[in-house]
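Student: I have a structure open and would like to go through it with you. Could we take it one question at a time?

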Amino acid sequence: MKNLWDETDCKDSDTLSCCAYGSRLLGGDRSLVLHGGGNTSVKAEWKDVTGSSLDALYVKGSGWDLATIEVLGFTPLPLSRMQELLGLDKLSDEDMMAELSTARLRPDAPQPSVETLLHAFLPYRSVQHSHADVILSLTNVEEGEETVREVYGDSVVVVPYVMPGFDLAKAVQEAWDDQAHSETVGMVLLHHGLFTFAETTRDAYGRHTDLITKAEKFLDGLPEKHKEKKDLNKKAEIALVELANLRQKVSQAAGAPMILSRHTCEEIDNFVNRSDVESLATRGPLTPDHIIRTKRTPLIGRDVDKYAQEYRDYFDRNNERSKNDLTMLDPAPRVILDKEFGLLTIGATAKDADIASDIYQQTIPVLETLEDQRSGYVALGEEDLFDLEYWDLEQAKLRLAGPRKEFAGQIALVTGAASGIGHACAAELLARGASVIGFDINPEVETIFSGPEWLGQVVDVSDEDAQVEAIRQGVERFGGVDILVVGAGIFPSSELISELNLDAWQKSMDVNVTSVSRLFHHLAPLFALAPAGGKVVVVASRNALAPGKGAAAYSTAKSALTQLSRVAAFEWAEHGVRVNVVHPDNVFDTGLWTEEVLNQRAANYEMTVAEYKARNLLKMEVKARHVASVVVELCSDRFGATTGAQIPIDGGNERTI
Ligand code: ZN
């Protein structure tokens, strides 16, 4: 491990800024810390408004990630109060957190880490703690403690596994009294991770890199015991319907729609095809705090019902033992290992599924090293893992993400998503929690939104192969398609039928209708597997209901599109799929209307642009967001009994009322 400390980065900074800097170095290395894991602290002076000062502990607050932590992410606490608490023989989790919370010197500081008292105890100014892969590789074996001694001699204190919190702080005190001396540079918590400490963050970080490097060298020097030879006989293309079917079962077990994301690469293929994958992968997570993201074991294969039943049994067994009356979490898996699909990860959002993926992809090489090069992977026992999974302070980390949003776990495909109505619909769906696949011919679609819930794809909807490939990528990313919003469309230049340009006519039919019939054809089997029912909303046009002169190619195409949607409403009702149509009119904030066209049209009607825009009964300007709010509302449960409807969004029009 490379020591990345750069003296110029915190030369003139204060102690706390240096601590934040060193924390980011630690957090930036994914082999050390993943998604909110690990914590750091520094002991420094606190000055209050009266000018008096006291010794304080600044410890990482929950909700902050070490990779991005700033000075404000550290919670200041009076050190003397921490010492008093450490002096107690017993302290419940609730009381400990209440005391820590009350002791905060800054009222807006985040909740301090559950490992705060341990940080307070360590008699050094700067403390760094990670769940480094290589430390877990040393300790997750039968002879963990001996191995730590072999690698580090007596330069570290070794502590057996104890759940984080007050009891761990006490266990550390005890081990410290027995083992620490003036040359002690670190502390290894078996099945958990590494602590290093020094008078400065620079030195604590330096000791971290030194100890990790020693472990890396030890592991690199191990001979390969055996390497399995495998014939990877996987299909080049998986059946999307089978993937969506698996997602439906997982969602049923979870009691809500879930995102299921597929990951493949050579390492994953090798791992899922190991002959011993079932035994190796079901022993438990590398470090206990992964459990809230991955569950204790992955599902091997596709039998979700059996997995859910085993989870219920596991809960019942351990709930009986527990003093508290616990409520079972949903029994659906968060990680699936399948010989054909590879690694599948699951979450209420794509973000959560990605966190499970990051953790599991980090897990695979460690399991393989321990199994193939050492005496075999040994995880913590079921009881310890259960206690952590159902520890309220651990579940509190998940609650920081806030309540589940309305469309969370549902997957929407929006065509024409880079501009106008399609863009507004995609934005509204994202805001209300959906994961969204956006198609557009404009390359900007890829980056027009960001974040894990967005997958923008450059697609010409009139190219069937491109459309099919983009659907494949979308389904592999999120696990299915539940909602379709047809926003893509073209408006050919106006001409009378006597002057009809057949190429323009054909293009209008291709893009506005035929491409949608193909999309319907390819998506129908996926809609039928939508966990909360499939929903389709087609953006047609007022022209479909009330045509005028000079737009034959457009109006006819939008009429055909409306008819296609009505047939789909008939055909798909038996699968619980709702299909509705909206008819917007004169929505000017879309790609179809340039300034020039607008001026021209207004002049044709002898109106100002403002008058032209508002020539409807309500005398209002209809915007893309008006259309988007109706479209997305039609996908909500509030319209659960509506299919085959056509709704005008035109500010009121004499001809359509
Ligand atoms: Zn930890």
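Tutor: Gladly! Keep in mind that this is a predicted model. Let us begin with the metal.

Student: Which residues coordinate the zinc ion, and at what distances?

Tutor: In sequence the donor residues are spaced H-x1-H-x60-H. His131 lies in the loop between strand S4 (126–130) and helix H6 (133–139), and His192 in the loop between S6 and S7, 61 residues apart, so this pair links distant parts of the chain. Both His131 and His192 are buried. The donor atoms are NE2 of His129, NE2 of His131 and NE2 of His192, at 2.1 to 2.3 Å.

Student: Which value does phi of His191 take, and is the residue buried or exposed?

Tutor: Most residues other than glycine have a negative phi. His191 is found in the loop between strand S6 (186–189) and strand S7 (193–198). Its phi is positive, near 60°. With under 20% as the cut-off for buried, His191 is buried, at a relative accessible area of 13%.

Student: And Lys619, where is it, and is it buried or exposed?

Tutor: Lys619 also has a positive phi, of about 50°, although it is not a glycine. Its place is in the loop between helix H24 (609–613) and helix H25 (624–634). Exposed means over 50% relative accessible area, and Lys619 counts as exposed at 63%.

Student: How do S2 and S3 run, and which residue is the bridge partner of Leu57?

Tutor: Strand S2 (residues 53–60) is joined to S3 by 5 bridges, and the two strands run antiparallel. Within S3, the bridge partner of Leu57 is Leu77.

Student: Which strands stand at the edges of the parallel sheet?

Tutor: That open sheet has 7 strands in the order S14-S13-S12-S15-S16-S17-S18, with parallel pairing. Each edge strand has a single partner, so one side of each is left without a neighbour in the sheet. Direction ignored, neighbouring strands are turned by 15° against each other on average. The edge strands are strand S14 (454–458) and S18.

Student: Why is strand S17 described as largely enclosed?

Tutor: In a regular strand the side chains alternate between the two faces of the sheet. Here Arg578, Asn580, Val582 and Pro584 point one way from S17, while Val579, Val581 and His583 point the other way, and all are buried. S17 (residues 578–584) is therefore largely enclosed by the rest of the structure, the buried count being 7 of the 7 residues.

Student: Which strands does S17 bridge to, and which residues are partners there?

Tutor: Strand S16 (residues 535–539) is joined to S17 by 5 bridges, in parallel, and Val537 stands opposite Asn580. With strand S18 (residues 646–649), S17 forms 4 bridges, again parallel. There the bridge partner of His583 is Pro648.

Student: How many cavities are there, and what is the volume of the largest?

Tutor: A search of the whole structure finds 5 cavities of 30 Å³ or more. The largest cavity has a volume of about 100 Å³.

Student: What lines the largest cavity, and which helix gives the largest share?

Tutor: Of its 14 lining residues, the closest to the centre are Gly284, Pro285, Thr294, Arg296 and Tyr360. The lining divides into 7 nonpolar, 5 polar and 2 charged residues. The largest share, 4 residues, comes from helix H15 (residues 350–373).

Definitions and conventions:
Residues numbered from 1 in each chain as written. Predicted model: local features only at pLDDT ≥ 70, side-chain atom pairs only at ≥ 80, totals over all residues. Heavy atoms only, no water. Buried < 20%, exposed > 50% of the residue type's maximum accessible area, 1.4 Å probe, protein only. Donors = N, O, S within 2.8 Å, 3.2 Å for Na, K, Ca; no water. 1 Å grid on protein atoms, 1.4 Å probe; cavity = no way out; pocket = protein on both sides within 12 Å on 5 of 7 lines; lining within 4 Å. Points joined across faces, edges and corners; volume = space filled by probe spheres on them. Nonpolar A, V, L, I, M, F, W, Y, C, P; charged D, E, K, R; others polar. Pairing = 2+ DSSP bridges. Axes fitted to C-alpha atoms, helices over the stretch in contact; angles between N-to-C directions.
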